[in-house]
Amino acid sequence: MGASSGIGKRVAEELASRGIIVGVAARNIKALQELKKKYPQTIETEEMDINEKDAPERMHRLIKKMGGMDIYFHVSGIGYSNSDLEPEREVEIINTNACGFARMISSAFRYFREHEGKGSIVAVTSVAGTNGIGDMAAYSASKKFDQTYLVALEQLAREENLNIRFTDIRPGWVRTPLLSDEKEYPMEMTLDYVVPQIIRAIVKRPRVAVIDWRYNLLVGLWRMIPNSLWSKMSLTMK
């Protein structure tokens, strides 16, 4: 989910090139059709907007094309710096990253619950979900929502004795179309560096995978900082 560019597109290509059947979904159907042309035997496509009510129905249509689903991989999301706190932008981020996330993750959960009670749900959240970041308030809050939502569904799966595995992939800054070309980002990473680590996490299924080791150390430190001190720090991107 979210395969038209960036991490989603690259992961889809890597898996499809290995002979794995991949269902790709996004709003940009032209980009998906280009993937289908490159890998006609292993890629199925479906135009989908996770903010629309018919997205779960379209997901099931895509699953039918593939003949089933073993892993649901969610990378769809948006993020902007918004220090002016423009309401429409804040709401747009929350709608996509939280409401759309819940719509699709819950749909994948129900699918696995109804099909032998097993499967794997993998989602890309962000290290930004560790604490609130001043000029990315909606983004960091939405990623915290995503992380908490996965924990809750993991608890629900255990209560229902379902064999559904969850992996929360939390990368730092990755050079994708979401990042502004006019800003500098700390410890910025390339797709060539990040995607192999994401695929490794999809296969090995750790509960949480922070990418990379530098960010793993960093978020460990972030968690130790009390809110009274954190609120005085400046993390605005220049």
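User: Is E154 buried or exposed, and how should I read its relative accessibility?

Analyst: In this predicted model, E154 has a relative accessibility of 18% and therefore counts as buried, because buried means under 20% relative accessible area.

User: Which residue forms a salt bridge with E154?

Analyst: A salt bridge is read from the distance between a side-chain nitrogen of Lys or Arg and a carboxyl oxygen of Asp or Glu, which must lie within 4 Å. Here the partner of E154 is R207, and their closest N and O atoms are 2.8 Å apart. This pair links distant parts of the chain, since E154 belongs to helix α5 while R207 sits in the loop between α6 (191-204) and β6 (208-211), 53 residues apart. R207, with a relative accessible area of 24%, is partly exposed.

User: What does the salt bridge between R113 and E160 tie together?

Analyst: The closest N and O atoms of R113 and E160 are 2.9 Å apart. R113 lies in helix α4 (residues 87-114) and E160 in the loop between α5 (137-159) and β5 (163-171), so the pair ties together parts that are 47 residues apart in sequence.

User: Where do E57 and R61 lie?

Analyst: Both are found in helix α3 (residues 55-66), four residues apart, which is about one turn of the helix. E57 counts as exposed at 53% relative accessibility, whereas R61, at 38%, counts as partly exposed.

User: How many salt bridges does the structure hold?

Analyst: The structure holds 18 salt bridges, and those that share partners join E46, D54, E57, R58, R61 and K65 into one network.

Methods:
Residues are numbered from 1 along each chain as its sequence is written. This is a predicted model: local features need pLDDT of at least 70, side-chain atom pairs count only at pLDDT 80 or more; totals for chains, interfaces and linings use all residues. Side-chain values use heavy atoms; hydrogens and water are left out. Helices (H or I, at least four residues) and strands (E, at least two) are DSSP runs, numbered from the N terminus. Buried means under 20% relative accessible area, exposed over 50%, partly exposed in between (1.4 Å probe, protein chains only).
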